[in-house]
Structures are given as structure tokens and as C-alpha cells.
Amino acid sequence: MSVSLSVALSLAAGAAVADVVPVVSARSAVTALSNSQLADIFLGKVSHFPNGLPAVPIDLAEDSLVRDEFYAKFLGKTPAQIKAFWAKIIFTGRGHPPKTMSNGTALKKFIADNNNAIGYLEREWVDSSVKALAQP
Amino acid sequence: MNKYATLRFSSCWTAIGLLATLSYSAGAGQTSDDSLASMFALSAFGTLGVVHSSEDRADFTYNIFRPEGAGYSQAWSPDVDSRVGGQIVASLAPRLSAMVQVISEQNYDNTFTPHVEWANLKYQVTPYASIRVGRIVLPSFLVSDSRNVGYTNAWIRPPVELYSLVPVDSSDGVDVSYRLHSGRVIQTLVGTYGETNSTLPAGGTGNSRRQWIVSDTVEYGSLTVHAAYQEAHLTLSNLHALFGHFRQFGAQGNALADTYDPYNRRLTFFGMGAMYDPGAWFVMGEWGTTDFHSVLGKSTAWYASTGYRLGKVTPYLTYGELHADSNRSDPGLTVSTLPPFLAGPARGLNGALNSILGSISDQRTMSIGARWDFVKNVDLKLQYDHTRHGAGSPGTLINLQPDFQPGGTVDLFSVAIDFVW
């Protein structure tokens, strides 16, 4: 009884929250990034991958559930926290948030075409044009 | 509503209307002309808040540039925390950008006429070094750069104990910023030189010249540590005029003026703070000390704040203290040795001197509140502050009425809605 309940709960959770993975171009040399390295890149604190190559983070639009899940899972932050973080940077003219793509198709194409770009997709969207990053 | 109040509110709404128009035209630009949209970045922020104070014989307000606030002047004051700001950043060339930030909030003359908060040109010398010229943020505190943007903080306003130590937040001049990376540690060094000129509600001006500050911010993952040292030469015109009268009282008057006259007087500030914010909770604290080397005295303040995020609601707790480290009274001119026709004016000057020294703030505040992120890009905050003033001190209150009792306690109730766009 309790086993079937927990299975049902995990299925429900799985349906509500997609399995999101960070992705780079299939041609990129980067294979793995830790949560803290992802945080530094997506919060604009570093502009290079650990291997020294330039890193250009790409976001999905603000209302995207995949975007919210990415920030919750890898950075531990809510959409409001991310908004507040960038408001601090924007309102002193110190920088601007990552470029955004309106949907997963556009994001995947941009990542595939740009060796320096890094974004995130639902795992089932990953194909031969992009590479899902591992957690070291 | 009297004519004066109507005027104030209408200018506030004019500013909001202007920003709305700008926002609309920029939004239209984004769809019709992509290159224009990528050249200009427009953003806005604001807070609508009201404050009630249990002390009705004095006013609570945000800083010394405010003419009135909650308590004596208004039972529920919208002036303390409300403001609306708009900003435009233009990318002029690959390494050159310009920004202007305009804010409408209660001014020294009780109008809401928008003022230019920051306006500068930025040249990115290398990816890690930049130079700015114009009106620039003064990085005195951990959250100096976002103290006007309520949405970026858990609390309704930064703790007045510490943030009243340096009430100005911009400087006209130049700054140089350099960012160093070593592993996951990011260090940002900033050096600023310039001046800040203000008009005070009581009349007269405050001029902070030859003002320089060096600040260092170290970020390591969720940890941010900040330290700053600042110097300036401050002149307060009204108080300088007062001490001119002291100088007519011979050697003793000159000695008092030399000690207290805020005329081109060196002020120093040193502050440090840290914040740890892993996501689900945060803890932060700051400490600072200011020495005006004048009648404004020497003060030290600190606060500690923590909050825990329960979904969209973040309850928080803050405790702050502000202490006067210098004398808060002075015997002044020796009246007994003066001829009768000078004794009266001398008593008047001694009274004025002691009233300024006595108003140096000494207080501690416990604050409890909650932030609710109830809809995208908008939050609602409730905050309760309990302040205890030091013996004989009015704390940071202004507009003290004759029957005001210093050294007491004050309860504040605040509600605010913040937005960013």
C-alpha cells in the first residue's frame, strides 16, 4: 500500500516536473560542470568554462517551467530569487541577465550552432546536435 | 487634501506616467526594431508603502534628507518607503555604455519631483576592468547599490541604525573597478573619487568634497564579504553659520568652533559586512563606524539579519544597534564671566550646540517581518520594528516636538509592495 502510494507520488511529481539537464553544443569540449560552476556561469560571475574557453549562458523565457526547474535543481533558487539577483545587477548598470530564447527548439538550435553557448533542456529533447553535461 | 499635497501627489503620478510611456514605447521597439531594442535596455522598479509610528511627538523617516514622516506629521505615512524609479542603459559601442537612473521619492522640500540618482558613461577597458564617469553609486555598504530597490531585499528598508551612518548613496566623479578571479573566489575592487552636494530639509546645503572610497567585495559561492573605507571633507552651511557666531566669543569661542564647526571637515567611514545565502535561508550582518570630527560626532552601528524561505513566504528577523561614541553635551561658553549683554546670546549658542550634540542618535531596534512573493515580479511585505532609544537620545527621529520625551521606545508598523519591471 505505502509502496504503491510512493510510486504514485513519484509519478505525479515526474509528470509535473521535467528532468532538466544542462546542455552545450555537441562540438564543445566541455563534458561536465558542478552545480557551483553552473551557478557562477548563469549568475554572470564567471564568463569562462573551467577549461578557459568563453562561456555564454542562454536562458529560456521567464514563464518557462523548464527554466524554473533548472534554477531550482542546480542553483537552489526560486524565480523570485533569480529576479531579485538580476535586479541588483541591472539597477547599478553592472551587467545584464543571460540572453533568452522563447522556446526549447530555438534554444537547442542556438546551442548546437554556438560552441561557447550553454543552456538547459528537458532530457528527452537532447539529440545528436547537443550534449547533456554530467555532474562531476 | 490641501493644494500643497495635491501638487506633491500630482508630480508623483506624472513621474509614473512618464515611466509608463517610456516602458510602452520601449516594448513596442522590441518587436518592431530589434537593433534598437538591443541597444537600449529599459527597466523600472518601485515601492508603495505606508508606515505607522506609535510616537506621535516626532517623525520616523528614512534618512536626514527627508522633511517629515510617520508619527507627528502623518499617522500613516506613504512618504517613508514609497518611490518609483526608471532606468535606461544604452550600449553605444562594444566597450562603451551609458546609463541614467531617475527616481521619484520624497525630496528635501517634500515634493516628489524626479531626480537623477545615477547617470554615467562606462568604458570596459578589459573584460575585468572598467572606468565610469558621471554620477555613480557610493559602495559604502553591502547593499548600497540596491538600497532603493525594495524587491532585491527581504526587509522593507535597510536597517536605519547602520545605513544612517552614510546617508548619501551617490557621488559625482569617477570610479575604477577591477575584478580578479582565482578558482571560485571572485574579488571586485572599486576605487571612487568625486563629490556629493545636497540640500537639507532645514535649509542650507551639505557638500561632501574630495570624497574617495575604496571597497572590496569577495564572492565565494553563496558567501559575499564586503569592506569599504571612505573619506570626504564635509561642509554643512547652516551649522557653519552657527559656529561663526561662536567665533565672536574670543579664544573660548574659537576653540569650540575649531572642535565642532563642520566646515571642510574630514569625515571617515569604515564598514564591513558579510552575507551567506544558499537559497533556502540567509544570514547577514554589517558593522560600520563614522567619525565626522565635528559637532556631528562619532558613531558606530551594526546589525544582524536572518530569514527562512517557506515557499513564497520569507519570514525574517533583524536586530540593529547604533551608538554615539562621542560626547552628547558640552558646557559651551562660560556665561558667568561675560558682561550681561553677551550672556544672553552666549546662553542661546550653548543651547543650540547642546541641542545638536543631544540629537546624535543612540538606539537599538528589533524587527520582525515577512516577504510574500505573491505574483511574478511583485512582493508584499509586512514589518514590525521595536526601537529603544538610548538615555536622553531621540534616536534617528526628526521633527521633535516640545513635549517629545527622549530615551523612550517606538513601535513601527510597515506595509509595502515592491515591483521590478
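## Exercises on a two-chain predicted model

Of the 136 residues of chain A, 33% count as buried (20 or more other C-beta atoms, placed from the backbone, lie within 10 Å of the residue's own; exposed is 12 or fewer, and partly exposed is in between). The model is predicted: local features need pLDDT of at least 70, side-chain atom pairs count only at pLDDT 80 or more, and totals for chains, interfaces and linings use all residues. Residues are numbered from 1 along each chain as its sequence is written, while chains are lettered from A and ligands numbered from 1 in the order in which they are written.

**Exercise 1.** Find how many helices and strands chain A has, and their order.

*Solution.* Begin with the elements, which are DSSP runs numbered from the N terminus (helices: H or I, at least four residues; strands: E, at least two). Chain A has 5 helices and 5 strands. Next, read them from the N terminus: α-β-α-β-α-α-β-α-β-β.

**Exercise 2.** Describe the buried residues of α5 in chain B.

*Solution.* First, look at residues 250–260 of chain B: the buried ones in this helix are B:L256, B:A257 and B:Y260. Seen down the axis of α5(B), they fall within an arc of 100 degrees (taken from the directions from the helix axis to the C-beta atoms), so they line one face of the helix. Then turn to the other side of α5(B), where B:A251 and B:D258 are exposed. Finally, find the partners: the buried residues of α5(B) pack against α4 (237–246) and α6 (340–358) of chain B.

Terms used: Contact = placed C-beta atoms within 7 Å.
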